[in-house]
Amino acid sequence: MSDTLVKIRNLHFSRGNRKIFDGLSMDIPRQGVTAIMGPSGTGKTTLLKLIGGQLVPDHGTIEVDGLNVHQLSTKKLFELRQRMGMLFQSGALLTDLSVFENVAYPLREHTRLNEALIRHLVLLKLNAVGLRGAADMMPSELSGGMSRRVALARAIALDPMMIMYDEPFTGQDPISKGVLVSLISELNNALNICSVVVSHDVPDTLSISDYVHFISAGKVVESGSPETLRNSTVEWTHQFIHGDADGPVPFHYPADPIMDDLYQRRK
Amino acid sequence: MKLFNRLIDRLQYMGAATIHSFRRLGRGSVFLLEVISSCVSLFVRPMLVVKQLYSVGVQTLIIIVVAGLFVGMVMALQSYYALVDFGAEDSVGVMVALSLLRELGPVVTALLFAGRAGSALTAEIGLMKATEQLSGMEMMAVNPMQRIVAPRFMAGVISMPLLATIFSAVGVIGAYLVAVQLLGLDSGAFWSQPQNKVDLHLDLYNGIIKSVVFGVVATWIAVFEGYDCVPTSEGLGQATTRTVVHSSLAILFLDFVLTALMFTK
């Protein structure tokens with residue numbers, strides 16, 4: 001069995017006239033936490049959707065566990081997705097189902113377990129994210145952080161080989177963020193799976209990652225361990241990690257010189 | 001030159017709008033085929049349809065009953081005042097019954113259905129799209145066409161003829177209350193004329209066929225608009241409006257076509 005779970009080669013993808021990926025290639029190992037980081041709008045979420053087969057690339061290949069995602073039949077793709085969990089930024093809980101039923105949903109859909117066993121599994125999964133006591137609540141009664149934890153319990157319901165996290169820390173207060181950071185790390189270690197975290201939150205993401213890919217302008221800028229990247233001499237990486245206002249990513253959006261603009265306006 | 005450019009711009013705009021409309025129609029047609037093929041899965045999970053029958057059908061019942069009652073009452077009044085001058089007021093019953101069964105029952109029910117249930121379906125599915133619930137289902141290896149769209153479509157198609165029948169029945173009762181109880185028309189004349197004149201095939205069956213067609217079209221438009229909407233609050237609002245407008249126009253147009261086909265001499 002290969003050590004690489006996700007293999008992306010020469011990926012090209014556009015939305016309308018806007019090029020999102022321009023020959024992107026990367027490997028994601030079978031175990032550990034891999035972070036994919038980059039500024040807003042670089043296509044990090046799009047990349048997760050491409051890996052999950054929800055979007056089709058213009059060119060290039062994505063292999064997950066040796067299977068070319070975009071050449072699979074719908075049946076095979078759905079079989080593969082049963083082995084992939086995904087945590088959406090909003091949680092994406094089904095709003096007409098309780099917390100318990102949300103976590104039970106994939107079990108009811110894909111297994112023929114009896115009700116007692118489903119109850120046991122759901123309560124165990126909810127216990128793992130610290131929300132067993134919220135089993136009877138409805139999604140509308142949960143905070144943002146709780147919703148993501150329930151979604152995490154649902155994502156691990158079928159014991160997947162990988163979990164993809166889409167911006168898990170965005171909009172979270174420090175406590176919720178701390179809970180999510182430790183949950184991602186602990187679950188990854190306990191289940192010994194592949195976790196792919198897409199984020200632009202540098203300190204928290206680097207603290208739990210084993211490997212990091214920085215992407216910008218449709219390509220991988222730099223990859224390596226968090227330690228290597230912290231000490232990187234690449235200008236772009238330095239600017240992103242330290243949050244400098246100006247650098248390879250300019251402060252000013254491209255425009256004519258200011259004097260030209262002012263002069264033309266006066267004219 | 002300026003005028004010429006403006007004319008070209010206008011032509012270009014019209015051409016783009018036409019292409020956009022045909023593209024949507026094509027997408028909608030493919031979507032309908034997908035929905036119909038997804039309906040096969042409902043035989044395994046019939047409870048999904050039963051649940052939707054409640055929200056699509058039962059919850060629309062009250063507006064249908066109230067509207068049917070008033071439409072029947074108004075029709076009895078109007079036809080009574082028109083016929084009494086000719087001494088033909090005994091025909092109020094048959095006039096109301098035929099109008100309801102052939103036209104008003106299916107059409108008004110479908111228009112009310114598009115406004116109440118259709119807009120709700122679009123908003124529900126659109127909101128599920130905006131909150132990534134549909135994407136979430138796909139990533140859980142669950143096909144939202146089978147679990148979300150198909151049960152709602154099927155519930156709409158089943159509900160419409162039932163609601164139209166109830167509308168017509170309540171309308172006739174409303175007409176009876178006005179014509180017989182209020183205006184003093186003979187009860188025997190009111191009921192016997194429809195018994196003689198209303199034809200099972202020509203009137204009742206055709207009315208039911210109409211309401212099934214309207215049910216398919218109104219529900220198809222509603223679920224498609226929800227599934228295809230731009231997942232923002234503005235996009236959702238526009239999709240809901242489009243559902244009501246497009247459904248209403250489609251129902252009225254199809255009513256003309258079906259009437260022309262069904263009631264030829």
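## The largest pocket

A pocket is an open set of grid points with protein on both sides within 12 Å along at least five of seven lines. In this predicted model, the largest pocket holds about 910 Å³ of space. Its lining is made up of 31 residues, and those closest to its centre are Gln54(A), Ser135(B), Glu138(B), Pro144(B) and Tyr227(B).

Both chains contribute to this lining. Two or more residues come from each of helix H2 (74-81) of chain A and, in chain B, helix H1 (2-38), helix H3 (92-130), H4, H5 and helix H7 (200-228). H1(B) provides the largest share, five residues. Sorted by class, the lining of the largest pocket comprises 15 nonpolar, eight polar and eight charged residues.

## The second largest pocket

The second largest pocket contains about 580 Å³ of space. It is lined by 24 residues, and Asp96(A), Leu97(A), Tyr105(A), Lys51(B) and Ile148(B) are the ones that lie nearest its centre.

Helix H3 (99-110) of chain A supplies at least two residues of the lining, as do H2, H3, H4 and H5 of chain B. The largest share here, five residues, belongs to H2(B). The classes in the lining of the second largest pocket are ten nonpolar, five polar and nine charged residues.

Rolling a probe the size of a water molecule over the atoms shows where empty space is left. Across the whole structure, one cavity of 30 Å³ or more is found. The volume of this largest cavity is about 160 Å³.

The elements giving two or more residues to the lining are strand S6 (84-87) and helix H5 (144-155) of chain A, together with helix H4 (133-139) of chain B. Eleven nonpolar, three polar and two charged residues form the lining of the largest cavity.

## The sheet of chain A

Chain A contains an open sheet of six strands with mixed pairing, in the order S6-S7-S8-S3-S9-S10. S6 and strand S10 (219-224) of chain A stand at the edges with a single partner strand each, so one side of each has no neighbour in the sheet. On average, and with direction ignored, neighbouring strands of the sheet are turned by 15° against each other. The edge strand S6 of chain A is also among the elements that line the largest cavity.

Within the sheet, strand S3 (residues 32-37) and strand S9 (residues 211-216) of chain A pair in the parallel sense over four bridges. Met37(A) has Phe214(A) in S9(A) as its bridge partner.

## The helices of chain B

Chain B has eight helices and zero strands. Along its principal axes, the C-alpha trace of chain B spans about 65 × 60 × 35 Å.

Helix H2 (residues 46-83) and helix H5 (residues 144-182) of chain B have axes that come within 6 Å and cross at roughly 25°. Angles under 35 degrees count as roughly parallel, and H2(B) and H5(B) are therefore roughly parallel to each other. Their crossing is right-handed. The residues of the contact between H2(B) and H5(B) divide into 24 nonpolar, ten polar and two charged.

Methods: Residues numbered from 1 in each chain as written. Chains lettered and ligands numbered in written order. Predicted model: local features only at pLDDT ≥ 70, side-chain atom pairs only at ≥ 80, totals over all residues. Heavy atoms only, no water. Axes fitted to C-alpha atoms, helices over the stretch in contact; angles between N-to-C directions. Parallel < 35°, antiparallel > 145°, perpendicular 65-115°, else oblique. Left-handed = near helix turned anticlockwise from the far one by under 90°. Nonpolar A, V, L, I, M, F, W, Y, C, P; charged D, E, K, R; others polar. 1 Å grid on protein atoms, 1.4 Å probe; cavity = no way out; pocket = protein on both sides within 12 Å on 5 of 7 lines; lining within 4 Å. Points joined across faces, edges and corners; volume = space filled by probe spheres on them. Pairing = 2+ DSSP bridges.
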